Amino acid sequence: MRLDIITIFPEYFAPLEVSLLGKARRAGLLDVSVHDLRSWTHDRHRTVDDTPYGGGPGMVMKPEPWGEALDAVAPPTAEATPRLVVPTPSGRPFTQAMAAEYAARPWLVFACGRYEGIDRRVYDEAATRMPVDEVSLGDFVLAGGEVAVLVMIEAISRLVPGVLGNRESVTDDSFAPGAMESLLEGPVYTKPPVWRERAVPDVLLSGHHGAIARWRRDEALRRTAAHRPELLARLDPAALDKHDRKV
Ligand SMILES: COc1ccc(Cn2ccc3ccc(-c4cc(N)[nH]n4)cc32)cc1
């Protein structure tokens with residue numbers, strides 16, 4: 001999977017060198033390139049922004065550097081066409097389902113905006129030759145797209161086969177598609193069996209796999225009802241048995 005990132009802060013993406021993502025890159029599972037948007041400026045000050053037409057606060061990212069950057073990173077003549085993913089506060093909410101969709105794509109280009117955003121004509125022109133997705137990470141406001149892209153790359157990359165290493169599967173993640181896809185994770189425990197007078201729940205030490213699975217499901221239902229009751233509404237009633245309804 002090829003990932004290209006265009007940003008005025010390439011140093012934001014140093015974390016992609018560490019941990020799982022670093023290993024996945026070295027293993028050739030991910031081909032990640034970070035591009036400095038200022039490489040496509042031609043003035044002494046390497047200008048990427050200007051005042052907004054129509055007035056208003058802040059600055060807007062100029063179209064010219066973006067147009068040249070996208071032409072260079074994803075040439076119109078290239079055989080393959082990437083999906084352009086642009087984080088914005090007004091985008092479509094990013095979800096685990098979107099992460100899975102993106103993980104199945106061969107090539108993504110991420111555009112990291114700053115200031116008040118990118119001139120709208122960049123989106124319109126790019127959309128003439130590639131799919132353009134505007135994506136929001138949530139109902140809060142960041143100062144730019146870089147952190148949002150880091151979050152998306154981590155959520156997407158962990159779904160790429162081989163990236164997670166020895167973990168059997170990501171199908172039991174919260175929000176993973178499946179019968180109980182909207183349940184939050186239950187609590188997890190490890191050694192020691194007692195820590196500061198707090199014992200691990202007996203069922204987890206019992207070796208009874210059926211009882212353990214039931215306990216974990218109950219805890220997941222309980223936590224979901226407490227923290228995200230709206231997710232329970234999405235559950236297929238057929239996926240719940242009579243015991244679940246008592247939780
Ligand atoms: C209200 O309009 C605004 C317009 C731009 C900005 C700053 N900014 C510039 C580029 C950029 C990219 C993504 C995001 C973002 C995404 C989410 N979920 N929150 N914030 C913010 C971004 C702030 C506010």
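Author: Contact means that heavy atoms lie within 4.5 Å of each other. In that sense, and leaving aside its neighbours within four places in sequence, alanine 199 is in contact with Pro193 and Val194. The model is a predicted one, in which local features need pLDDT of at least 70 and side-chain atom pairs count only at pLDDT 80 or more, while totals for chains, interfaces and linings use all residues. Residues are numbered from 1 along each chain as its sequence is written, and side-chain values use heavy atoms, with hydrogens and water left out.

Alanine 199 belongs to strand S9, residues 198-199; helices (H or I, at least four residues) and strands (E, at least two) are DSSP runs, numbered from the N terminus. Alanine 199 counts as exposed because its relative accessibility is 53%, where exposed means over 50% relative accessible area, buried under 20%, and partly exposed in between, with a 1.4 Å probe and protein chains only. Although valine 151 is 48 residues from alanine 199 in sequence, their C-alpha atoms are 34 Å apart in space.

The loop between S8 and S9 holds arginine 196, whose phi is near 50°, a positive value in a residue other than glycine. Arginine 196 is exposed, because its relative accessible area is 67%. Turning to the loop between H5 and strand S8 (194-195), one finds proline 192 there, and a cis peptide bond, with omega about 5°, joins lysine 191 to proline 192.

Helix H5 covers residues 146-157 and includes serine 157. With a relative accessibility of 0%, serine 157 counts as buried, and, not counting residues up to four places away in sequence, serine 157 touches Leu3, Leu21, Leu30 and Val163. A positive phi also occurs at tyrosine 115, at about 60°, although tyrosine 115 is not a glycine. Tyrosine 115 sits in the loop between strand S6 (107-111) and helix H4 (120-126), and is partly exposed, with a relative accessible area of 34%.

The protein as a whole has nine helices and nine strands, and 38% of its 247 residues count as buried. Its radius of gyration is 22 Å, whereas a compact globule of 247 residues would have one near 18 Å; the radius is taken over C-alpha atoms, and the globule rule is 2.2 Å times the number of residues to the power 0.38. Along the principal axes, the C-alpha atoms fill a box of roughly 70 × 40 × 40 Å.

There is also a ligand, surrounded by 16 residues, the closest being Pro87, Leu137, Gly138, Phe140 and Leu142, where near means that a heavy atom of the residue lies within 4 Å. Strand S5 (residues 83-93) gives the largest share of this shell, three residues. Among the polar contacts, pairs of N or O atoms within 3.5 Å, a nitrogen atom of the ligand lies 2.7 Å from a backbone N or O atom of phenylalanine 140, and a nitrogen atom of the ligand is 2.9 Å from a polar backbone atom of leucine 137. The protein covers 80% of the 520 Å² of accessible area that the ligand has on its own, the areas coming from the Shrake-Rupley method with a 1.4 Å probe.

Methods
Polar contact = N/O pair within 3.5 Å; in protein donor to acceptor, adjacent residues only side chain to side chain.
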